Amino acid sequence: MSHRPLIAVVEDNPDNRLLVQALLEDRYDLIEYVTGTEALRGLSGQVPDLVLLDISLPEMDGSDVIKEIRKDERLRHLPVIALTAHAMSGDREKFLSAGFDDYVTKPIDLDTLLGVVDRFTR
Amino acid sequence: MDRSDPVVDVHTLDRLNRLGGEGFVREMVGIFDSQGALRIRNTEACLAQGDLQAVRRHAHSLVSTAGNLGARRLQRLATMIEQAAESADLATLQDLVPHLSSEHAAAAAVLASHATEAAA
């Protein structure tokens with residue numbers, strides 16, 4: 001049986017979660033978290049192959065979540081992709097400096113997301 | 001307000017239909033209808049209370065919800081509201097926020113009509 005990569009989706013908007021699910025569920029196993037706190041708790045128990053992390057989360061935003069992820073020795077090399085509505089040309093360096101491996105802008109472009117996910121789960 | 005954007009970009013809907021089928025599109029439209037209306041009510045209430053951070057947050061969510069379904073006019077309006085809230089531009093907010101309901105309703109009508117045509 002071939003291994004299906006596990007992707008953690010951290011996103012509070014139900015329509016974004018539904019969209020990501022529809023795009024990825026044929027080839028990936030998904031686990032969803034609605035808040036950063038919930039995600040960190042989940043990641044302490046089960047480490048996925050990739051995390052899609054919304055920046056604009058309620059309570060603890062994505063920028064704080066990534067800091068906590070990178071503090072954890074077990075998660076230091078876990079690929080984490082930012083999902084963000086605020087990105088302009090040149091922002092990639094900003095996200096890399098913050099600890100992300102890449103970013104995808106919202107509203108989500110399906111081809112872009114699929115390309116990024118494929119690249120980091122090969 | 002710029003009205004050159006389409007109310008709904010049907011190419012986005014067609015793409016979603018190819019991705020997940022009619023049931024999936026219906027579910028996305030259902031979220032647009034209910035969550036969209038809720039976020040608009042919250043935006044209006046938060047503006048009335050002067051809570052601009054909350055206005056920004058609700059508008060930000062609305063940008064995605066509208067954009068996912070190709071509701072371009074609502075998406076642009078929500079983006080302008082988010083930016084105005086971020087810069088505490090009360091005059092612009094008071095000008096733009098009252099248009100959210102009608103733009104949402106216009107998009108909802110197009111989405112419903114598209115669903116009816118697809119089912120026929």
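Select A:E59 to begin. At 68% relative accessibility, this residue counts as exposed. (Exposed means over 50% relative accessible area, buried under 20%, and partly exposed in between, with a 1.4 Å probe and protein chains only.) A:E59 lies in the loop between β3 and α3 of chain A. Its phi is positive, about 60 degrees, although A:E59 is not a glycine.

This is a predicted model: local features need pLDDT of at least 70, side-chain atom pairs count only at pLDDT 80 or more, and totals for chains, interfaces and linings use all residues. Residues are numbered from 1 along each chain as its sequence is written, chains are lettered from A and ligands numbered from 1 in the order in which they are written, and side-chain values use heavy atoms, leaving out hydrogens and water.

**Stop 1: chain A as a whole**

Show chain A as a cartoon. Chain A has 5 helices and 5 strands. (Helices are DSSP runs of H or I with at least four residues; strands are runs of E with at least two; both are numbered from the N terminus.) From the N terminus on, the order is β-α-β-α-β-α-β-α-β-α. The C-alpha trace spans about 40 × 30 × 25 Å along its principal axes. A compact globule of 122 residues would have a radius of gyration near 14 Å, and the 13 Å of chain A agrees with this. (That radius is taken over C-alpha atoms; the globule rule is 2.2 Å times the number of residues to the power 0.38.) Of the 122 residues in chain A, 50% count as buried.

**Stop 2: helix α3 of chain A**

Select residues 62-71 of chain A. Which residues of this helix are buried? They are A:G62, A:V65, A:I66, A:I69 and A:R70. They sit on the same side of α3(A), because they cover an arc of only 130 degrees around the axis. (The arc is that of the directions from the helix axis to the C-beta atoms.) An α-helix has 3.6 residues a turn, so residues three or four places apart point the same way.

The face away from the buried side carries the exposed residues A:K67 and A:K71. Over the buried residues lie elements of chain A including α2 (36-43), β3 (50-54), β4 (80-84) and α4 (91-98).

Zoom in on the start of α3(A). A side-chain oxygen of A:D61 reaches to within 3.0 Å of the backbone nitrogen of A:S63.

**Stop 3: A:R17**

Select A:R17, in helix α1 (residues 14-24) of chain A. Is this arginine buried or exposed? A:R17 is buried, with a relative accessible area of 17%. Its side chain reaches the backbone oxygen of A:E11 at 3.0 Å. A:R17 touches A:E11, A:D12, A:E32 and A:V34, not counting residues up to four places away in sequence. (A contact means heavy atoms within 4.5 Å.)

**Stop 4: a cis peptide bond**

Select A:K106 and A:P107. The peptide bond from A:K106 to A:P107 is cis, with omega near -5 degrees. A:P107 is in the loop between β5 (102-105) and α5 (110-121) of chain A.

**Stop 5: chain B**

Switch to chain B. How many helices and strands does this chain have? Chain B has 5 helices and 0 strands. Its radius of gyration is 14 Å, close to the 14 Å that the globule rule gives for 120 residues, so chain B is as compact as a globular protein of that length. The C-alpha atoms fill a box of roughly 45 × 25 × 20 Å along the principal axes. Buried residues make up 46% of the 120 residues.

Select B:D33, found in helix α1 of chain B. B:D33 is partly exposed, with a relative accessible area of 33%. B:D33 touches B:H104 and B:A108, not counting residues up to four places away in sequence. Next, select B:A88, in the loop between α3 (72-86) and α4 (90-96) of chain B. B:A88 has a positive phi of about 55 degrees although it is not a glycine.

**Stop 6: the nonpolar cores**

Show both chains. In soluble globular proteins, nonpolar side chains tend to be buried together. (A nonpolar core is a set of buried Ala, Val, Leu, Ile, Met, Phe, Trp, Tyr and Cys residues joined through side-chain atoms within 4.5 Å.) The largest core here has 54 residues, and A:L52, A:L113, B:F32, B:I81 and B:L93 touch the most other members. Helix α1 (residues 10-48) of chain B gives the most to this core, with 11 residues. A second, separate core has 20 residues, including A:L43, A:L53, A:L57 and A:Y103.

Finish on B:L93. Its contacts are B:L47, B:L52, B:V55, B:I81, B:A84, B:A85 and B:P98, not counting residues up to four places away in sequence.

Definitions and conventions
Polar contact = N/O pair within 3.5 Å; in protein donor to acceptor, adjacent residues only side chain to side chain.
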